[in-house]
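Please walk through this model with me, one piece at a time. Keep the sequence and the structure side by side as you read.

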Amino acid sequence: MSSKALLVGTSFSAVPLFNVLKQRDLTLSVCGNLSSDPCHRYVEHSYAINYAIKEDLYELVRREAFDFIVPSCNDYSYMSCAWVAEQLDYPGFDTYETTRLLHHKDLFRKFTQAHGFPVPYSVQLEKGGLADLSPLKMPALVKPVDSFSGRGITKVMQSSELNMAVDHAFQSSNAETIVIEEFVDGSLHSHSCFIANGEIIFEIMADEFCSVYPYQVDCSNIPSRLSAGLQARVSECMKALISKLALNDGLLHTQLIVKDDQFWIIECMRRAPGDLYGTMVQLATEVDYWKLYVQPFIKEKLVPPSQPRSFHNIARHTLSVEKGRYFQCFSSNIQAQQLISVPLKDSGHYLDAAPYDKAGIIFAEFETTDELFERSPHLAEHFNIR
């Protein structure tokens, strides 16, 4: 009898994980509370639960006696899975305490500041509480500790704007806790690596851009334009963080701000990033990102992949709009060697404003890195959403 696995998440971002699991000799089930999500249609056993409620996920996992649980590409899935894994002894996860430290912005800021990692200075504020904001320099960013895709984030230029920004952040925080951090000006980048036995066995950096909504990445590219020397320093910093936290095998994904020869860690996560980031990595490097992500959760050994001798010049663009509208179609005038389109919205359906919705994801391959670096920040200008 084959082992039973539960994929916790059913959206389009979970489909690559679903495909990896289906290649194994596993009896596969999925769970998620949106019946329209694609993964519900791919399996015989799907469960309509809100996995963000960790106790509900616990009851499902305990009742069905799954052998493995695999989190998908959002914080709610990963946090609930990590909690259930600690209660029921499932593989692939750090302790729940370490998971909370990495995924909650306030705990992560405290830890990194205390241990000398390069992060923007910040203070924590709980709902109804008080905090000394006098050391903060303006401008600053006000963020919920538990949000994603830039939701609830406001940039304030002066102290008089704080109250409205704080109220907005609390509206997006289930934890009712926010952080206020000094704004660091620079370019946005990501570092994604896989860990085995405390060592990095594969890593990649990408350039990232926010063109429609200020705090949601909608354009990105691999390879990165950052110098080899700076990328090496980022790698050493990540190795130190991995050692300090004694992280288990698996993915560590990090967003950074870079200015000149300095960099600051913005956030780290152990879940897979959304919007098919891993597919961009696979197209650029031919390394199976999704397989590497899944393996620790199903007790497969992580083996260092063959390092790419060269990169394909790949850009990724998430199609979104500043103002909501009914979606009809989209068109493009971009010139690329290859263009892959992943549609996410049916014609006639309503498309909410970013960061709450998207019409599709585009992957474009360019002939040269010069062309890649020139086009990537401006991909939104080449697509017309009707």
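Several elements cover the buried residues of helix 1 (15–22), including strand 1 (3–8), strand 2 (26–31) and strand 4 (68–71). Helix 8 (277–285) and helix 9 (289–294) are also among the cover. The model is a predicted one. Helix 1 itself is mostly covered, with six of its eight residues buried. Which residues of helix 1 are buried? They are Val15, Pro16, Leu17, Phe18, Val20 and Leu21.

An α-helix makes a turn every 3.6 residues, so residues three or four places apart point the same way.

Now step back to the whole chain. It has ten helices and 20 strands. How does its radius of gyration fit a compact globule, and why? A compact globule of 386 residues would have a radius near 21 Å; the chain has 20 Å, so the two agree. Along its principal axes, the C-alpha trace spans about 60 × 50 × 45 Å. Of the 386 residues, 54% count as buried.

The surface comes next. The chain exposes about 17,400 Å², and carbon and sulfur atoms supply 46% of that area. Charge is carried by 34 positive and 47 negative side chains. The centres of these two sets lie 1 Å apart.

Start with Arg271, in the loop between strand 13 (262–269) and helix 8. Is Arg271 buried or exposed? Its relative accessible area is 7%, under the 20% cut-off, so Arg271 counts as buried. What does its side chain reach? The side chain of Arg271 makes a polar contact of 2.7 Å with the side chain of Asp75. It also reaches the backbone oxygen of Cys73, at 3.2 Å. Arg271 and Glu86 are 185 residues apart in sequence, and their C-alpha atoms are 16 Å apart in space.

Next, find His317 in strand 14 (residues 313–319). His317 has a relative accessible area of 3%, so this residue is buried too. A polar atom of the His317 side chain lies 2.9 Å from the backbone oxygen of Asp218.

Finish with Glu126, in strand 5 (residues 122–126). Why does Glu126 count as partly exposed? Its relative accessibility is 46%, which falls between the 20% and 50% cut-offs, so Glu126 is partly exposed. Leaving aside neighbours within four places in sequence, Glu126 is in contact with Phe170, Glu176 and Thr177. Gln338 lies elsewhere. The C-alpha atoms of Glu126 and Gln338 are separated by 48 Å, and the two residues are 212 apart along the chain.

Terms used: Residues numbered from 1 in each chain as written. Predicted model: local features only at pLDDT ≥ 70, side-chain atom pairs only at ≥ 80, totals over all residues. Heavy atoms only, no water. Helix = DSSP H or I, 4+ residues; strand = E, 2+ residues; numbered from the N terminus. Rg over C-alpha atoms; globule rule 2.2 N^0.38 Å. Buried < 20%, exposed > 50% of the residue type's maximum accessible area, 1.4 Å probe, protein only. Areas by Shrake-Rupley, 256 points an atom, 1.4 Å probe, with all protein chains shown as cover. Lys, Arg positive; Asp, Glu negative; His and termini not counted. Charge placed at Lys NZ, Arg CZ, Asp CG, Glu CD. Contact = heavy atoms within 4.5 Å. Polar contact = N/O pair within 3.5 Å; in protein donor to acceptor, adjacent residues only side chain to side chain.
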